[in-house]
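Please keep the sequence and the structure in view while reading.

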Amino acid sequence: MTDIRVLIADDQAAVREGLALLLETMSGVAVVGQAADGLDAAAQAAELKPDIVLMDLNMPRADGIEATSRILAQNPDIRVVVLTTYEDDTSIVGALRAGALGYLTKSATRADIERAVKAAAAGQAILDPAVQRQLLAAATGASPAPGKSEAEPAATPDDLSPREADVLRLIAAGHSNREIAKKLFVGEATVKSHINRIFTKTGCRDRAQAVQYAFTHGYAEPGRGAAS
């Protein structure tokens with residue numbers, strides 16, 4: 001089985017080296033590079049073409065959100081998992097809009113990081129429970145979402161069918177198309193059709209945005225992720 005190739009992007013050398021040592025203890029995971037800033041991360045991602053970029057947000061030259069946008073514009077098959085100290089609305093939404101598939105805080109355990117890396121490699125979204133709670137709080141008005149652009153449209157009825165809503169909930173829980181198909185007793189082609197309609201109706205362009213949409217529009221609850 002081919003190892004999951006990971007590029008680490010963090011401006012603190014001690015953090016990069018510690019993460020590298022941690023990741024190398026995980027079965028099926030190999031560290032292929034370390035970047036000290038956002039531009040370096042984008043350049044190394046273009047050269048090394050890792051499966052996963054483990055991305056900090058606060059970095060010089062280009063922050064993690066900009067770096068994520070640059071990386072995915074050049075290599076859309078790369079999966080970005082954010083690992084940061086920030087869990088404010090602006091950082092979370094910015095990272096997800098840029099295309100990050102996972103979002104963890106630096107309080108994450110070894111098991112959390114391994115789960116997120118392996119889930120992202122399989123195309124599944126993983127959000128830290130604290131991040132899920134933050135998104136839900138913003139969606140329900142428990143706290144305002146700082147930095148929200150006035151150009152962003154207010155929530156409107158999305159006209160999802162009951163089955164499409166079920167699929168969206170399962171996407172938010174981190175399930176793959178195959179797992180969704182098994183849970184709903186339908187074929188994978190049917191699941192893909194539902195997902196395409198969900199994207200069209202919600203304006204999402206990928207699974208990461210669909211996860212964000214699910215939490216900010218009440219389709220998913222905090223603290224619920226993919227089944228182990």
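**Salt bridges and overall build**

In this chain, Lys 118 and Glu 114 join their side chains in a salt bridge, with an N to O distance of 2.8 Å. The coordinates come from a predicted model, and the distances and areas given below should be read with that in mind.

**Pairs within helix H5**

- Lys 118 and Glu 114 are both part of helix H5, where they stand four residues apart, which is about one turn of the helix.
- Glu 114 also takes part in a salt bridge with Arg 110, in which the closest N and O atoms are 3.0 Å apart.
- Arg 110, like Glu 114, lies in helix H5, and these two are again four residues apart, or about one turn of the helix.
- Glu 114 counts as buried, because its relative accessibility of 17% falls under the 20% cut-off.
- Lys 118 is partly exposed at 31% relative accessibility, and Arg 110 is likewise partly exposed, with a relative accessible area of 36%.

- Lys 106 and Asp 10 meet through their side chains in a salt bridge of 2.8 Å, taken from N to O.
- This pair connects distant parts of the chain, 96 residues apart: Lys 106 belongs to the loop between strand S5 (102–105) and helix H5 (110–121), while Asp 10 belongs to the loop between strand S1 (4–9) and helix H1 (13–24).
- Asp 10 is buried, with a relative accessible area of 2%, whereas Lys 106 is partly exposed, with a value of 31%.
- As a general point, side chains of opposite charge can pair when their charged atoms come close.

**The chain as a whole**

- The whole structure contains twelve salt bridges, among them the pairs described above.
- Ten helices and six strands make up the secondary structure of the chain.
- Of the 228 residues in the chain, 49% are buried.
- The accessible surface of the chain is about 10,800 Å², and carbon and sulfur atoms account for 51% of that surface.
- When contacts between residues at least 6 apart in sequence are considered, 68% of them join residues that are at least 24 apart.

Key:
Residues are numbered from 1 along each chain as its sequence is written. This is a predicted model: local features need pLDDT of at least 70, side-chain atom pairs count only at pLDDT 80 or more; totals for chains, interfaces and linings use all residues. Side-chain values use heavy atoms; hydrogens and water are left out. Buried means under 20% relative accessible area, exposed over 50%, partly exposed in between (1.4 Å probe, protein chains only). Contact means heavy atoms within 4.5 Å. Accessible areas come from the Shrake-Rupley method with a 1.4 Å probe; for residues, only the protein chains shown count as cover. A salt bridge is a side-chain nitrogen of Lys or Arg within 4 Å of a carboxyl oxygen of Asp or Glu.
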